[in-house]
Structure formats: C-alpha cells, structure tokens
Amino acid sequence: MRHDHLISAAQLSRDDIEAVLDRAAEIDADPAAVRERHAGTVLALCFFEPSTRTKMSFDTAMKRLGGETIDMGSVESSSVKKGETLADTARVIEGYADAIVLRHPSEGSAKMASEFVDVPLVNAGDGAGQHPSQTLLDLYTIRENAGLDDITVGIMGDLKYGRTVHSLSMALTNFDVRQHFVSPESLRLPRSVRYDLHEAGAQVREHEELAGILPELDVLYVTRIQRERFPDEREYREVAGEYQIDPDILAEAKESLTVMHPLPRVDEIDPAVDETPHAQYFEQAHNGVPVRMALLDTLLSQGGRDR
Amino acid sequence: MSEHELRVSKIRNGTVIDHVAAGQALNVLTILGIDGTSGESVSVGMNVPSGRLGRKDIVKVEDRELSPSEVDVLSLIAPEATINIVRDYEVVEKNRVERPERVVGVLSCPNHNCITNGNEPVASKFTVVSDGLRCEYCGTFIHESFAEHIDGS
C-alpha cells in the first residue's frame with residue numbers, strides 16, 4: 001500500500017488489501033515476532049465520538065507493536081469545547097504523535113484533517129461516510145470463512161447511514177463478489193455509494209426482504225437499524241422487526257453461511273444465533289487487533305515524516 | 001452584434017454574457033452575486049431569438065469582468081455561453097466558457113454534515129462529473145440547481 005493516509009476504501013486496490021490481510025495473518029500466527037517492531041512510536045487516538053471497539057483495538061494494536069498511544073480524552077474535556085477547529089487540533093497533535101487515528105461526526109473530516117498533517121492519518125469513521133479500517137477486518141473475516149472470490153454477500157440493515165457498509169461494499173468491488181443489499185426503502189444505499197459501485201462495475205442488487213436471496217448467500221453482513229433515524233417510534237419498530245434474524249430464519253440459509261456484524265448489536269441478531277456455526281461477529285471483532293496491527297505496521301513502515 | 005442583441009443597450013465597459021440558455025439569466029445574476037443592491041448597472045435579455053440556441057438569454061454587466069471561478073460555475077448552467085469583455089464599447093476579448101474539472105471555493109456542499117460546512121479553514125471542492133458535481137470531501141452530488149448552492153446565496 002503506497003498511501004500516507006487511509007481515508008476511504010476507494011483508495012484500496014486488491015493488492016493493497018491482500019498485502020494488509022496477509023500481514024495480519026502473519027501477525028496473528030506469530031504476534032511475538034512484532035512485539036518490539038514499533039517501539040518508541042506514538043499513536044494519537046482522536047475520537048470526537050464515543051467508540052469502544054475501534055478505539056480499544058487501535059490502542060491494543062499499537063501497544064502490541066511495542067508502541068504507545070496518547071488519547072485526547074472526551075470532547076467535553078478537550079480544546080474542541082473551546083471552539084478549536086479540527087484542522088488546528090490535527091496540526092497540534094501531529095507534533096505529539098507519529099500517526100493519528102481520527103473519528104469525527106462530520107463526513108469528509110478525515111480527508112480534510114489529512115490535508116493539514118504529514119504523519120499518517122487513519123479514518124476511524126467520519127459521520128455516515130467511511131470506516132476503512134473496519135472494512136479491512138471485515139474482509140479478513142470473510143476471507144477466513146468464505147474466501148474473497150466467487151462468493152455472494154448480503155448486506156442488510158441501515159445502508160444509508162452505515163459507514164461500515166459504504167466502505168465494505170466499495171472494497172468488495174476489488175473481488176469477484178455478487179452483492180445484495182437488503183434494507184427498508186428509506187434506508188437504501190446513498191446515491192454517492194451506488195454511483196461508485198456502478199462506476200466500479202459491481203454486481204449489485206437491492207431488496208427490501210432477505211427471504212428471497214438468503215439461500216444464495218455465503219456471507220450475511222448485518223448492521224443495526226438506528227432508532228434515532230426514525231421520526232416515529234412505531235415506524236421504527238415495524239421496520240426493525242423485519243430485519244431481525246434468528247435460527248429459524250437461518251434454517252433457509254446455506255450451512256456454511258457466515259453471519260457478521262460490526263457490533264454493537266441491539267436486537268437485530270437473536271442471541272440464539274451466537275450458538276450456531278454461522279456466528280462470526282465476535283471473531284470478527286477480535287480480528288480488529290491483528291488487522292489494525294498490520295495496517296499500522298504498513299503505514300508506519302512506508303512513510304510519514306522523518307524523525 | 002445582431003439586431004436582436006441591440007434590444008439590450010450597449011455597455012461601455014464590462015462583460016456581456018451571451019448565449020445563455022433561455023431561462024438561466026437570473027441564475028447567472030445569482031452566480032455573479034448581483035441582486036441590485038450594490039449599484040451595478042445590469043441589462044438582461046430573456047428569450048431572445050438565437051440562431052444557435054433557438055432562444056437565449058443575455059446578461060450585460062457594466063464595469064465588471066468575471067473571475068475564473070465565476071466563469072467555472074457559469075459554465076455549469078450555461079455551457080454554451082460566450083463571455084465578451086467590453087472596453088470603451090469595443091469587444092476586446094471573446095471566450096467560450098469551458099467545463100472545468102473542479103470548482104473550488106464557490107459552492108456550498110448540500111450535505112449539512114459535510115466538514116466543509118463547519119468552521120474549518122478549508123474551501124469547498126467539487127469534481128465535475130458527467131451529470132453534475134461531486135463534493136471531494138463527503139461525496140455528495142449536486143445535479144442541478146447549482147445556483148442554489150453558491151456560497152452566500
């Protein structure tokens with residue numbers, strides 16, 4: 001991968017993706033080999049929104065590479081509360097760290113911040129935009145379970161605002177993947193994502209119900225339908241109920257179906273699914289550490305500024 | 001200059017924007033930030049017969065020459081337009097507008113949650129695509145009604 005920053009999945013070629021996933025597999029197999037690889041390196045964790053998995057997995061990844069992390073703390077306790085711009089925050093933190101991981105509620109925030117810094121910057125979620133490091137761990141999980149070519153992937157839930165979906169669907173266009181999108185009409189993929197998929201020549205179909213295509217799927221990627229997106233609570237409940245999966249529904253699926261979810265889940269996957277061989281979402285979350293170790297190793301080894 | 005164009009009076013110095021698609025003259029004024037409050041002398045011809053376009057609009061602005069960024073946006077709503085620079089009643093320059101590859105710092109992104117709509121020290125940037133413009137930060141499209149998104153409009 002020859003990029004200084006990871007802002008969008010659209011940057012990632014098949015070779016980029018395979019290089020990171022291969023490196024992650026090496027690290028997964030022998031984590032001790034990289035224990036001191038980035039000793040003395042400092043990674044800044046800049047989270048302008050709450051995060052558990054992404055933040056902690058980047059934190060763990062850096063520490064397992066021998067480095068350290070610094071954390072700006074909550075937005076309420078930072079200079080952002082005093083009205084500082086993101087551009088200024090990024091420029092200041094660049095002076096403290098060798099790389100920056102940024103989560104921010106505004107779309108385009110990571111791209112903008114990357115224009116103000118020379119150290120590698122990773123987009124860890126920009127509003128309803130992109131979440132490319134999540135995509136790398138999603139792809140790692142898919143590759144482990146189903147391979148990445150000649151497969152059929154269903155992506156279900158909030159496709160409009162789901163940044164993990166936007167990144168994943170774009171990255172999948174690098175592979176021989178048939179993509180089915182399942183959502184309520186009001187939460188369909190945004191026009192910009194459909195445009196990119198079309199431009200990439202993706203094989204894409206959109207549906208309002210899972211039942212018709214479930215038997216074809218090798219992977220079912222479920223996302224949370226967010227209650228706050230609906231002005232009417234009853235409307236939310238009616239829609240959300242249509243997009244819950246349980247072992248009975250999965251009886252129609254292939255035995256080898258892999259069920260994934262970026263987590264946290266609320267009630268879109270019945271806990272009874274956890275006990276089936278389909279469930280891979282906790283493994284998927286665990287994969288966040290070796291994949292982010294591989295990503296950080298790649299970015300820190302190839303560029304950034306001279307120190 | 002044809003007889004039809006003479007329906008709108010000649011200007012001494014300034015810009016004549018000719019071959020504007022019929023009905024777009026007021027959007028041209030919006031792009032130029034002209035609302036009549038700052039004293040410019042402006043003449044507008046609407047639905048004037050045109051050999052090339054059938055019907056066209058013409059805008060003549062006294063004592064003002066367009067900036068490149070204004071011409072870029074103009075090209076989006078009036079791709080057939082010609083820009084005539086007039087000095088002392090003579091046309092000294094006559095240019096067709098060209099479709100730009102990017103439009104920078106002129107339009108606001110329609111996505112209110114785009115970082116360019118915050119208080120950041122960054123100009124909006126749009127890539128011109130086949131059927132409109134696309135925000136380089138958040139990916140949002142503008143397909144039509146470009147004038148509605150002009151900064152400050």
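Author: What covers the buried residues of α1(A) includes α5 (132-146), α6 (163-172) and α11 (288-302) of chain A; contact means heavy atoms within 4.5 Å. The model is predicted: local features need pLDDT of at least 70, side-chain atom pairs count only at pLDDT 80 or more, and totals for chains, interfaces and linings use all residues. Residues are numbered from 1 along each chain as its sequence is written, chains are lettered from A and ligands numbered from 1 in the order written, and side-chain values use heavy atoms, without hydrogens and water.

Reader: Which residues of α1(A) are buried?

Author: Helices are DSSP runs (H or I, at least four residues), numbered from the N terminus. Buried means under 20% relative accessible area, exposed over 50%, partly exposed in between (1.4 Å probe, protein chains only). In α1(A), the buried residues are A:D16, A:I17, A:V20, A:L21, A:A24 and A:I27.

Reader: Why do they line one face of the helix?

Author: The arc is taken from the directions from the helix axis to the C-beta atoms. The buried residues of α1(A) line one face because, down its axis, they fall within an arc of 120 degrees.

Reader: Which exposed residues does the face turned away carry?

Author: That face of α1(A) is turned away from the buried side. Its exposed residues are A:D15 and A:A29.

Reader: Is A:V92 buried, partly exposed or exposed?

Author: A:V92 lies in helix α3 (residues 86-94) of chain A. Its relative accessibility is 38%, so A:V92 counts as partly exposed.

Key:
Helices (H or I, at least four residues) and strands (E, at least two) are DSSP runs, numbered from the N terminus.
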